[in-house]
Amino acid sequence: MRIIYLLMLYYVSFTYICYTLCIVIRHSLSYINTQGTLIQHSIDFADLRRRIYQTCDEDRIGKHLNLRDDFFVVAAQLSPEGQQKCKEIFTKIEQKSLDDMLLAYGGVELLKYLKDNDIKRAVLTRNREKNVYHMRDLYLSEMKKSLGVEEEEGMMLFDTIVARDTKSHESAKEPLKSKPNPAGILHICKVWGCNPKEVIMVGDNANDDIMAANRAGCGGSVLVTQEGGVVLDTCSGYSVGDTEEEILLRTPSLKVESLLELKNHLEDNANKRSGEIDKKLGTTYKPQPALAHSTDTFSVEVPSIGVKSI
C-alpha cells in the first residue's frame with residue numbers, strides 16, 4: 001500500500017492571507033502547516049481588525065450593518081468607496097509584510113531535511129502567487145548561503161502553489177474556500193492522489209489550520225507555537241464557537257515551538273525506527289521521516305497510520 005505524507009506550512013501576508021506549505025513524503029508521511037510557520041509574524045491583527053471595523057462603521061452602508069466578522073467578509077459588504085478603503089488597507093499591510101519578511105526559525109533546516117527525503121512541497125495561501133515566489137526566493141538564498149544548496153537544485157522548492165484565487169477546476173465559478181473550510185486541503189490531496197487520513201496538518205492557528213485539518217479528516221495535526229508555548233493573535237475576526245465539538249476540532253495532536261523542533265522530531269523518529277528495523281532484519285534501512293504521537297483520543301504512527309479518533 002502506497003502511503004503519502006503531506007506537510008503544509010502557513011504564511012501570513014495581506015491581512016490574514018495565508019501561505020500554507022504542503023509537503024508530501026511519498027511512501028512515508030504527510031504534513032500540512034500554516035500561518036506564520038514559514039515566516040515570522042509581522043502583522044498586528046488586532047489593529048487590522050480595528051481599522052477594517054472602523055471603516056465599516058464610517059461607511060454609508062456599513063454603519064447600518066454593525067458588522068463584526070472576518071475582515072474580508074466585512075469589506076465585501078461595504079459601499080464601493082468603503083471597499084476601496086479596505087483594499088488600500090490590505091495593500092499597505094501586504095507590502096509591509098513583504099518588506100519585513102523574515103524566515104521562521106528552523107524553516108531552512110526543515111525544508112532542506114524534507115527536500116533531502118524526497119518530500120513533495122506545495123503552498124496553500126490566501127495571498128497572491130507572486131508573494132509566494134518572494135518567500136521562496138528568500139529561502140533559496142538562505143539555503144544556498146548557509147547549507148550550500150545550489151539555486152538550480154532549489155527551483156522546485158515548492159512543487160504546487162494554491163493561491164486565494166485558485167479554483168478547483170477551470171470551469172469553477174468561485175475559488176476554493178479558505179480555512180477553516182477544509183476545501184484547500186481536500187483539493188491538494190486530490191491533486192496529489194493521497195487520502196486525508198494519510199495527512200498530518202502543521203499550522204500555527206488552531207482556529208484555522210487545526211480545525212480545517214480535523215474537518216478534512218487528516219490523520220493528525222501539529223500546532224506550531226511561539227517560544228514558551230505562546231500562541232499569537234492571528235484572528236481575522238470571525239466568531240469562534242466553544243461547543244465540545246468545536247473545541248475538539250481545534251485540538252491538535254501535537255504541539256511544537258519551532259520548525260526546527262518539528263524537524264528534529266521527525267529525524268529522531270526516523271532514526272529510532274531505522275534502528276529497530278535494523279535489529280529485526282539485520283540490514284541497514286533508511287525509512288522516510290515519520291511523526292509518532294498518541295493520546296487517549298488520538299493515535300498516529302507513520303508509515304503505518306492508525307487513527308483512533310480526531
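**Briefing: helix contact, cavities and selected residues**

The axes of helix α4 (residues 107-116) and helix α5 (residues 129-147) cross at roughly 85° and come within 10 Å. This makes α4 roughly perpendicular to α5, a term for angles of 65 to 115 degrees, with angles under 35 counted as roughly parallel, over 145 as roughly antiparallel and the rest as oblique. The model is predicted: local features need pLDDT of at least 70, side-chain atom pairs count only at pLDDT 80 or more, and totals for chains, interfaces and linings use all residues. Residues are numbered from 1 along each chain as its sequence is written, and side-chain values use heavy atoms, with hydrogens and water left out.

**Helix contact**

- Axes are lines fitted to C-alpha atoms, for helices over the stretch in contact, and angles run from 0 to 180 degrees between N-to-C directions.
- On the α4 side, the contact is made by Gly-107, Val-108, Leu-111 and Lys-112; α5 contributes Tyr-139, Glu-142, Met-143, Ser-146 and Leu-147. Contact means heavy atoms within 4.5 Å.
- The residues of this contact divide into 5 nonpolar, 2 polar and 2 charged. Ala, Val, Leu, Ile, Met, Phe, Trp, Tyr, Cys and Pro count as nonpolar, Asp, Glu, Lys and Arg as charged, and the others, Gly among them, as polar.

**Overall fold**

- The protein chain comprises 10 helices and 11 strands; helices (H or I, at least four residues) and strands (E, at least two) are DSSP runs, numbered from the N terminus.
- Of its 310 residues, 53% count as buried. Buried means under 20% relative accessible area, exposed over 50% and partly exposed in between (1.4 Å probe, protein chains only).
- Among contacts between residues at least 6 apart in sequence, 68% join residues at least 24 apart.

**Cavities**

- The structure holds 2 cavities of 30 Å³ or more. A cavity is a set of points, on a 1 Å grid over the protein atoms alone, where a 1.4 Å probe fits but cannot get out.
- The second largest cavity has a volume of about 40 Å³. Grid points are joined across faces, edges and corners, and a volume is the space filled by probe spheres set on the points.
- Its lining consists of His-41, Asp-204, Val-224, Thr-225, Gln-226, Val-230, Val-231, Leu-232 and Thr-234; lining residues have an atom within 4 Å of a point. They divide into 4 nonpolar, 4 polar and 1 charged.

**Backbone features in loops**

- A cis peptide bond, with omega of about 15°, joins Lys-179 and Pro-180. Pro-180 lies in the loop between β6 (160-162) and α7 (183-192).
- Asn-66, a residue other than glycine, has a positive phi near 50°. Asn-66 belongs to the loop between α1 (45-58) and α2 (71-76) and is exposed, with a relative accessible area of 59%.

**Selected helix residues**

- Tyr-53 of helix α1 is buried, at 12% relative accessible area. Beyond its neighbours within four places in sequence, Tyr-53 is in contact with Leu-67, Arg-68, Asp-69, Val-74, Ser-236 and Gly-237.
- Tyr-53 and Lys-63 are 10 residues apart in sequence, and their C-alpha atoms are 9.6 Å apart.
- Lys-263, in helix α10 (residues 259-281), counts as buried at 15% relative accessibility. Not counting residues up to four places away in sequence, Lys-263 touches Glu-109, Leu-110 and Tyr-113.
- Glu-81, in helix α3 (residues 80-99), is partly exposed at 44% relative accessibility.

Technical notes: 1 Å grid on protein atoms, 1.4 Å probe; cavity = no way out; pocket = protein on both sides within 12 Å on 5 of 7 lines; lining within 4 Å.
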